[in-house]
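Please look over the sequence and the structure shown here before reading on.

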Amino acid sequence: MAHPFSTNKGRKFRNRLVAKMFADQLGCCRMCGFEVSLSLRGKSDASSAVLDHIKPWRLAPSLGLVESNLQLICKRCHDTHCASIESKHWPDAEKIASEKLSCYGEDGWRI
């Protein structure tokens, strides 16, 4: 199964959504609240912007290109916090999503 962003359609969707979420989130990581850098997207810098699947795409492939299943976070949170949550609860997509979403309130701002 190919990653949802590996196709031209997926990359175009991702790029539009990253720009929209960056504006909506005032340039901040949805998990830690620190500033993310769009110019570093795809780089190994800890502050580069990453579009994370709340329910992992391998567990919920139908949600791979669904905006409500995506969040803009920094690479640091993606590689540490998200990876830890996913390894702890794998293969339970609901528990993974619940824990990822627990760091911010219904209004979308960090608690």
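This is a predicted model: local features need pLDDT of at least 70, side-chain atom pairs count only at pLDDT 80 or more; totals for chains, interfaces and linings use all residues.

Residues are numbered from 1 along each chain as its sequence is written, and side-chain values use heavy atoms, with hydrogens and water left out.

The chain holds three helices and two strands; here helices (H or I, at least four residues) and strands (E, at least two) are DSSP runs, numbered from the N terminus. Along the sequence, their order is α-β-β-α-α.

The C-alpha trace spans about 35 × 35 × 25 Å along its principal axes. For 111 residues, a compact globule would have a radius of gyration near 13 Å, and the chain agrees because its value is 13 Å. That radius is taken over C-alpha atoms, and the globule rule is 2.2 Å times the number of residues to the power 0.38.

Of the 111 residues, 38% are buried, where buried means under 20% relative accessible area (1.4 Å probe, protein chains only). Among contacts (heavy atoms within 4.5 Å) with a separation of 6 or more, 61% join residues 24 or more positions apart.

Helix α3 covers residues 93-101, and its residues Ala93, Ile96, Ala97 and Lys100 are buried. Seen down the axis of α3, these buried residues fall within an arc of 95°, so they line one face of the helix; the arc is that of the directions from the helix axis to the C-beta atoms. What do the buried residues of α3 pack against? They pack against β1 (49-53), β2 (70-74) and α2 (75-89).

Note on methods
Buried means under 20% relative accessible area, exposed over 50%, partly exposed in between (1.4 Å probe, protein chains only).
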